[in-house]
Amino acid sequence: MREKSTTFADYQKIEFMPRLPFISFEGSEGCGKSTQIARLADRLTKAGIPLLVTREPGGTPIGEKIRHLLQFAPESVAMTPEAELLLFEASRSQLVREVIQPALDRGTVVLSDRFADSTTVYQGVARRLDQEVVALLNSFAVGHCWPDLTFLLEIDAPTARTRMLRRVRPAAGIDRMEQEPLKFYEEVCLAYRDLAKREPHRIQVIDARGSIDEIEEEIWEIISSRFAHLTQLISPPKRSRRS
Ligand SMILES: Nc1ncnc2c1ncn2[C@@H]1O[C@H](COP(=O)(O)OP(=O)(O)OP(=O)(O)O)[C@@H](O)[C@H]1O
Ligand SMILES: [Mg+2]
């Protein structure tokens with residue numbers, strides 16, 4: 001997690017500017033979420049924008065324990081889909097109230113690596129839990145703190161799989177979700193696409209087959225056009241004056 005102190009919150013109060021955005025990144029494993037978040041975070045940080053980067057599940061001490069339980073603990077082999085859903089929502093409830101909402105309130109951009117849409121897709125569709133229950137629990141966990149913008153990095157399941165296999169493994173080992181068959185990922189991709197059709201204003205679909213640089217530029221263009229008050233804060237590089 002990264003953060004810079006700033007006077008933006010005070011500036012916001014004086015100028016009645018809208019708060020800085022909460023942006024989530026979604027898509028199947030290996031689509032490039034973490035890569036693009038790192039690029040965007042770097043850009044914002046260099047521009048002096050106050051920023052908080054978080055991830056789901058996790059992002060708080062309680063959430064990180066839940067993350068370990070969900071993804072890597074040997075006991076998770078016996079976990080039911082219902083228990084899995086509730087653990088994701090528990091982690092999210094904590095993250096929203098302990099980290100995301102306070103950061104937005106003090107005038108910080110928040111980037112989240114996955115958020116509630118992941119639960120809609122993975123638990124609601126791929127794990128075939130009751131989608132109304134999933135929607136209800138999502139709204140209970142999130143409250144009013146929905147992202148202003150969500151980037152859905154869309155990629156076909158075989159390409160995502162190839163990227164995942166090429167990736168350097170974290171010390172904790174293979175994630176439980178990564179052991180699912182290809183069909184599971186195909187369902188995930190379709191479910192994300194359906195969700196984007198239902199919420200076209202919030203969810204921006206990006207073709208994630210392009211190069212890392214191309215995708216970074218596309219994401220930046222969208223952010224610049226959607227959040228003019230954010231780009232206004234980025235001052236152009238100072239020109240040296242000749243006397
Ligand atoms: N546009 C791209 N073209 C080619 N390779 C890419 C691209 N974006 C990311 N990669 C590579 O693919 C791998 C997976 O990327 P990344 O870890 O960012 O995906 P992710 O969506 O965060 O996956 P996960 O959900 O499993 O965390 C990494 O090795 C990364 O360098
Ligand atoms: Mg990642």
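This is a predicted model: local features need pLDDT of at least 70, side-chain atom pairs count only at pLDDT 80 or more; totals for chains, interfaces and linings use all residues.
1. Helix H4 covers residues 81–105, and helix H5 covers residues 116–126. Their axes come within 11 Å and cross at roughly 175°. Angles over 145 degrees count as roughly antiparallel, so H4 is roughly antiparallel to H5.

2. H4 also packs against helix H3, residues 61–71. The angle between H3 and H4 is about 160°, and their axes lie 9 Å apart. H3 is therefore roughly antiparallel to H4. The crossing of H3 and H4 is left-handed. On the H3 side, the contact is made by Ile62, Gly63, Ile66, Arg67, Leu69 and Leu70. On the H4 side, Glu84, Leu87, Ala90, Ser91, Gln94 and Leu95 take part. The classes here are seven nonpolar, three polar and two charged residues.

3. In what order do the strands of the open sheet run? The order is S2-S3-S1-S4-S5, five strands in parallel pairing. The edges are strand S2 (51–55) and strand S5 (203–207), each of which pairs on one side only. Neighbouring strands are turned by 20° against each other on average, direction ignored.

4. Look next at how S4 is held on its two sides. Strand S1 (residues 22–26) runs parallel to strand S4 (residues 149–154), and four bridges join them. Glu26 has Leu152 of S4 as its bridge partner. Phe25 stands opposite Phe151 in S4. S4 and S5 also run parallel, joined by five bridges. There, Thr150 has Ile203 of S5 as its bridge partner.

5. Which helices pack on these strands? H2 packs on the sheet and touches S1, S2, strand S3 (109–113) and S4. The direction of H2 makes about 165° with that of S3. H9 lies across S4 and S5. H9 runs at about 155° to S5.

6. A further helix pair is H7 with helix H8, residues 182–198. The axes of H7 and H8 come within 9 Å and cross at roughly 120°. That makes H7 oblique to H8. The crossing is right-handed. Ala157, Ala160 and Arg161 of H7 meet Leu182, Tyr185, Glu186 and Cys189 of H8. This contact divides into five nonpolar, no polar and two charged residues.

7. Turn to ligand 1. Which residues come nearest? Of the 16 residues around ligand 1, these are Gly32, Lys33, Ser34, Thr35 and Arg163. Which helices supply at least two residues each to the shell around ligand 1? They are helix H2 (33–46), helix H7 (157–166) and helix H9 (212–226). The shell divides into four nonpolar, seven polar and five charged residues.

8. Two backbone details deserve a look. Most residues other than glycine have a negative phi, and most peptide bonds are trans. A cis peptide bond joins Glu56 and Pro57, with omega about -20°. Pro57 is found in the loop between S2 and H3. Arg114 has a positive phi, near 80°, and is a residue other than glycine. Arg114 is placed in the loop between S3 and H5.

Note on methods
Residues are numbered from 1 along each chain as its sequence is written. Chains are lettered from A and ligands numbered from 1 in the order in which they are written. A residue is near a molecule or strand if its C-beta atom, placed from the backbone, lies within 6 Å of it. Ala, Val, Leu, Ile, Met, Phe, Trp, Tyr, Cys and Pro count as nonpolar, Asp, Glu, Lys and Arg as charged, and the others, Gly among them, as polar. Axes are lines fitted to C-alpha atoms, for helices over the stretch in contact, and angles run from 0 to 180 degrees between N-to-C directions. Angles under 35 degrees count as roughly parallel, over 145 as roughly antiparallel, 65 to 115 as roughly perpendicular and the rest as oblique. Two strands pair if DSSP finds at least two bridges between them. Two residues are in contact if their C-beta atoms, placed from the backbone, lie within 7 Å. A crossing is left-handed if the near helix is turned anticlockwise from the far one by less than a right angle, and right-handed if clockwise.
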